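Here is a short briefing on one protein chain.

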Amino acid sequence: MIASVPQPGGDDSDGTVSDMSEAALRRSRRRPEAAPPPSEPRIGLVELDREFEIRRVNSVFTELFGATAREATGSPFCRWFLPAVRDTMHRELNELVHGRTDRFDLRLVGLGRGDTAFLTDVTGRTVGAEDKDTRLVVLINEVQVGESPPVPLKLAELDVRILEGLAAGESTIQIAMRLYLSRQAIDYRVGAMRRKLGAPNRAALVSNAYTSGLLDRLNWPPRVTRQARKE
């Protein structure tokens, strides 16, 4: 005698098959769950006066730079960035405030608490009419860099000392005097490093050196990492 097979939805003794089938049916009719919304980018916001001093900051800026709003307010904006890139920042802000450009976008190295370096994308804009009420607004977005980025090249000891000087804000003349070299020799070696790292200027060279792992982001004064030095 062949035992009868319980059918889905039938009146079974234990209800197992029917319960499972009904549950499957309910699952098939359920609408797919909506994907969670993407997380909002965390952007530091800074308002500057026409002398490039900070008037207001948001909480993201204070977190990025490890400072309170009280510490930041009234300070020169450029001081929150690596010395090597401050001239570039000041020049771009000057172009902005005099109406020679309507915005700038830079990748620069900021300095957090304890002088920890971190890479940022910085966008500057003007808000308001072209008069004394014009406000300068700067947006700062931290660039996420891997813990151990690949090092693209090895540096000779002379290039190590030049790059560390540039990152610390030394001029060509200062580096030349410290290393007992001519200004032309320093410019030549800086130009060679710029070409290797695809950097259009010295500020970009320093930023790219941090991005690529040539410079240690946790050290101040700036130091070239051990793996980037030629043996």
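The accessible surface of the chain comes to about 14400 Å². Carbon and sulfur atoms account for 50% of that surface. The model is predicted, and the chain averages a pLDDT of 82.

**Burial and contacts**
- The chain has 231 residues, and 38% of them count as buried.
- Take the contacts between residues at least 6 apart in sequence: 48% of these join residues at least 24 apart.

**Secondary structure**
- The chain holds eight helices and five strands.
- Their order along the sequence is α-β-β-α-α-α-β-β-β-α-α-α-α.

**Confidence**
- A pLDDT of at least 70 is reached by 77% of the residues.
- Residues 1-32 have a pLDDT below 50. Beyond near neighbours in sequence, this stretch makes eleven contacts in the model.

**Glu164 in helix H5**
- Helix H5 spans residues 157-167 and includes Glu164.
- Is Glu164 buried or exposed? Its relative accessible area is 12%, so Glu164 falls under the 20% cut-off and counts as buried.
- Which residues does Glu164 contact, leaving aside neighbours within four places in sequence? They are Pro222, Arg223, Val224 and Arg229.

**The cis peptide bond**
- Trp220 and Pro221 are joined by a cis peptide bond, with omega at about 0°.
- Pro221 sits in the segment after helix H8, which covers 202-212.

**Positive phi at Asp115**
- Asp115 is not a glycine, yet its phi is positive, at about 60°.
- The residue is in the loop that links strand S3 (103-111) to strand S4 (117-127).
- Asp115 has a relative accessible area of 32%. That value lies between the 20% and 50% cut-offs, so Asp115 is partly exposed.

**Positive phi at Tyr180**
- Tyr180 is a residue other than glycine with a positive phi, near 55°.
- Where does Tyr180 lie? Its place is the loop between helix H6 (172-179) and helix H7 (183-197).
- The relative accessible area of Tyr180 is 78%, which is over the 50% cut-off, so Tyr180 counts as exposed.

Conventions. Residues numbered from 1 in each chain as written. Predicted model: local features only at pLDDT ≥ 70, side-chain atom pairs only at ≥ 80, totals over all residues. Heavy atoms only, no water. Helix = DSSP H or I, 4+ residues; strand = E, 2+ residues; numbered from the N terminus. Buried < 20%, exposed > 50% of the residue type's maximum accessible area, 1.4 Å probe, protein only. Contact = heavy atoms within 4.5 Å. Areas by Shrake-Rupley, 256 points an atom, 1.4 Å probe, with all protein chains shown as cover. pLDDT = per-residue confidence, 0-100.
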